[in-house]
Structure formats: structure tokens, C-alpha cells
Amino acid sequence: MNMPSTSTQPDLRSGADWIACETAEVQRSFLDDLTTAELLALPFMFDFWALPHQLPPHGDWRSWVIMGGRGAGKTRAGAEWVRASVEGARPADPGRCRRIALVGETLDQVREVMVFGDSGILACSPPDRRPVWHATRRMLIWPNGATAQAFSAHDPESLRGPQFDGAWVDELAKWRKASDTWDMLQFALRLGDAPQVCVTTTPRNVGVLKDLLKMSSTVVTHAPTEANAANLASSFLQEVRIRYVGSRLSRQELDGILVEDAEGALWSGDQLDASRVSDLPDMDRIVVAIDPATTSKEGSDECGIIVVGAVTRGPVSEWRAYVLEDASTTGLGPLQWARVAVAVMERWGADRLVAEVNQGGDMIEDLIRQIDPLVPFRKLHATRSKGARAEPVAALYEQGRVFHHGDLGALEDQMVAMTAQGYAGKGSPDRLDALVWALHDLIIAPSAKWRSPRVRAL
């Protein structure tokens, strides 16, 4: 069977989507028109079946990083990229690459996942192009003479000496000796005109991955677990989403998102995960806090809208707060986000709406009063930097007095990027600012009144 290399079929990128959306009659006609050889080849034409994040980006790049949730199809994408790199138009024809490095956390994982796995190289290869595994050499050899050699990230020195024109690296973010192994691999990629690396990994907050993503020669695709839902058990998706809803682990392991802790951050990911609760007590007070957006233009800052409740029975030192909802909005005009804030307040039966008015002044209250003249409203003025305002709130978390409920991933992303010196993330931390105002109103200000007749301004 003469099957063209998948890398030469860009016109089939959306073929599976197209045929899946057609009527049964059109699908039957499509299949009836194929020859026997075409029918046999169809399962191995990955460009036809692939999801968008599984296809190599166009243009010049050195490293292609596929970040995805568990089961998102990363391994299949890596295996198919190797195929497309080594295969020619016919089984004996040379491909773009002749010598590939396969690097995993251990040799067992290279063999069992990357080579022999359900989505590995052997399972993806058609019979006339299937390589042969030579166990003693830890090597795959294709009919056209191309080879792929297995390496363990536990042994970076094993990459000293061999040379390659391509590499597939799996689960880079899990490697204990990631930096050393990655560096040795770069020295080994010295054959051909433009050696390339395909990296398939679940993202983790590790230096080697963060440094790689910052390189101008790196391209990235990513997808959540749900992108590959058709090939996963529905009970699996339901169970993991329920169990890990709103957690940073969910964003990392299921959404495929790299969640970073800034150096010197006031909050850590582990700390926030430890603050998560599923059950809520009866609240004594609930406030909705707003950090207003000053414009509704595309790309403008968000309007932070955060709901926080508190249990205020007993001594002030025993008061506890619960972050209940992140209702922040983007791209809405002032009257629109004001309506959202009032609606959120009504939904939770909140006692008060508080808002920073440094930039909006009396306009903020005027907007709220247009919607509901009787809303309990308090103006707040910022007199210190964002980092300084956030420090006493971070102290409440360190004392174990603030808990998170529900999906607060976007808020937590801002929290782990806030340092005492300022915000290390992109844009403005409007969700975090709103959280700070809410906790100031519920706990910090009342606590200060017990200590001093004057409340220290934020």
C-alpha cells in the first residue's frame, strides 16, 4: 500500500470534522467512493482525524510544545509527529528526519508509552511502514532506514555522543533532572538543516518548561482533557471534574494550563489548594466587592466582582471568611458591570456592596443607585500599593482563616502572581483587588477597630 506521508496532506486537516457533520447519506457516499486502498489507508491518515492542537503549527520553529490535560491526545500527537518526520511518500523513501531521539522520564516509559503504548508509534503505524523494535539497542528501525533511539531523563549523560535531526520529548515537566537532560539533548540535535523537537507534557510550574516557553523559537498548542472527550470514558470526565472542580490541580491536569507561582509570591498554589472546601457554614455576613473597569474596550482590564462571606461569631481572631464566587467580567460598559454586581448581590443575599472609587469617584455609586437606589453601598479609597494592600489579606490565609469554594481558578492565578513588590502577572489583578476589598470590609477593618480607634487605611 502506497500511503502519502501525513505531513503532505494539509487539505485534510478538517476532514473528520467535515464528514462527521454531514448527513448519513453524504457519509455513506463519501465512503462508497473510496477505493479499497484508500479505505485501508484512511485510519492512518492522521491529518484527517487529528484535533487542531495535535497538528504541528506552520512556520519556522525549533521546539513545538503540546500542553494538554490528561487524555487530551498528547501522546498520539507526538507519535504521529515522529511518523510524519521519518516517513517518505513510499515505505522505502526517506523522510525529513533520519535519526530521532525518544526521551522520557525512564526507559520503561519510553518503551511502554511512546513506543508500544495504545497511542504510541507502533500502534499508529500502518503495516508497510511499521518500524521494528530492537530491544538490545533500545531502537526503532523503519523500512526506509530511519531510526529512533530511546533515552531516559534519569541519565542525561547518555545523550552525550549521539547526534540527531529530531526528537520527541514526553512529560518534560515531570523529569527530576529536566534541565540537565534538556541541555544535553540540545547539544545532540546537530544533524540536518533545522532539527526540531516535539514536547508533549502536562504543564507544571518548573523552570525548564517556563524557560522553554519563553524562547522565540518555541511554538505552543494546548487543549483541555475535554477536547478528546470522544475517546474517553464519560464517567472519567464526570468524576474528575466533580472531584477537582475549581482547583489548581484541575487547571493543570485537566485544562492543560501552566499555573505559575511568582518568585516571592504572597500566596502559593499548595496553600490555595489547602484552603479549598466543599461545604459551607451559615454566613453571618456576605459582601460583594467591585474593582471597577474604567473602559469597555477590547483588551481592557477586567471588572473584578468577588463574593465573600464570613462567620463572625466569637472573638474577632476566630472569624472565618469564605470566597464564594468570582463573577468578574470583561468588555462590559460601566452600567452593564454595575447591573452584574447588583444581580450577584441579590442572588447571594449579600449585606453590602463595596467598591474602590479611586478612578471612578462618585460615578461608581451613581451607577449602582441607577439600578437600585436602596443598595447598601460603601466607598473604599486606596492609599497604598496593591502589594501592600494584599499583605494583610495574605496573612489571613497563612492563619488558615480564609477558604475557597467553587471554581476560582482565574482569581487564584492572579493571587500566585502577586508579590509584596507588586503584581508579576499580565494586566491588572482586578479579581484579586476585589478580593482584598471584600476581606478588608469583612475582617481586617473590624479587627483593626478592636486594636485601635483608628482603622489603618488601605
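Leucine 435 is buried in this predicted model, with a relative accessible area of 0%. Buried here means under 20% relative accessible area, exposed over 50% and partly exposed in between, for a 1.4 Å probe and protein chains only. Leucine 435 belongs to helix H17 (residues 430-451). Helices (H or I, at least four residues) and strands (E, at least two) are DSSP runs, numbered from the N terminus. Residues up to four places away in sequence aside, leucine 435 touches Ile306, Val308, Val323, Tyr397, Leu411 and Met415. A contact requires heavy atoms within 4.5 Å. Aspartate 326 is 109 residues from leucine 435 in sequence, yet the C-alpha atoms of the two are 9.0 Å apart.

The model is predicted: local features need pLDDT of at least 70, side-chain atom pairs count only at pLDDT 80 or more, and totals for chains, interfaces and linings use all residues. Residues are numbered from 1 along each chain as its sequence is written, and side-chain values use heavy atoms, with hydrogens and water left out.

The protein has 17 helices and 16 strands. Of its 458 residues, 51% are buried. Among contacts with a separation of 6 or more, 70% join residues 24 or more positions apart.

Two strands count as paired if DSSP finds at least two bridges between them.

Within this sheet, strand S6 (residues 166-170) pairs with strand S2 (residues 99-104) in the parallel sense over 4 bridges. Valine 103 has valine 169 of S6 as its bridge partner. Isoleucine 100 is bridged to glycine 166, also in S6. S6 and S7 also run parallel, joined by 5 bridges. Here tryptophan 168 has cysteine 198 of S7 as its bridge partner. S6 is mostly covered, with 5 of its 5 residues buried. Gly166, Trp168 and Asp170 point one way from the strand, and Ala167 and Val169 point the other way.

Helix H9 (residues 207-214) has Val208, Leu209, Lys210 and Leu212 as its buried residues. Their cover includes S1, helix H8 (178-188), S7 and S8.

Threonine 147 lies in strand S5 (residues 147-152). At 15% relative accessibility, threonine 147 counts as buried. Neighbours within four places in sequence aside, threonine 147 contacts Arg98, Arg99, Ile100, Met139, Leu140, Ile141 and Trp142.

A further open sheet has 6 strands in the order S13-S12-S9-S10-S11-S14, and its pairing is mixed. Its edges are S13 (377-380) and S14 (402-404), each with a single partner strand, so one side of each lacks a neighbour in the sheet. The twist averages 25 degrees from one strand to the next. Strands S9 (residues 285-291) and S10 (residues 304-311) run antiparallel and are joined by 7 bridges. One of the bridge pairs links arginine 285 to alanine 310 in S10. Helix H14 (residues 362-371) lies across S9, S12 (352-356) and S13, and runs at about 165 degrees to S13.

The cavity count comes to 1 at 30 Å³ or more. A cavity is a set of points, on a 1 Å grid over the protein atoms alone, where a 1.4 Å probe fits but cannot get out; lining residues have an atom within 4 Å of a point. Grid points are joined across faces, edges and corners, and the volume is the space filled by probe spheres set on the points. The largest cavity has a volume of about 40 Å³. Glu87, Pro91, Asp128, Arg129, Trp142, Pro143 and Asn144 line this cavity. By class, the lining has 3 nonpolar, 1 polar and 3 charged residues. Ala, Val, Leu, Ile, Met, Phe, Trp, Tyr, Cys and Pro count as nonpolar, Asp, Glu, Lys and Arg as charged, and the others, Gly among them, as polar.

Technical notes. 1 Å grid on protein atoms, 1.4 Å probe; cavity = no way out; pocket = protein on both sides within 12 Å on 5 of 7 lines; lining within 4 Å. Axes fitted to C-alpha atoms, helices over the stretch in contact; angles between N-to-C directions.
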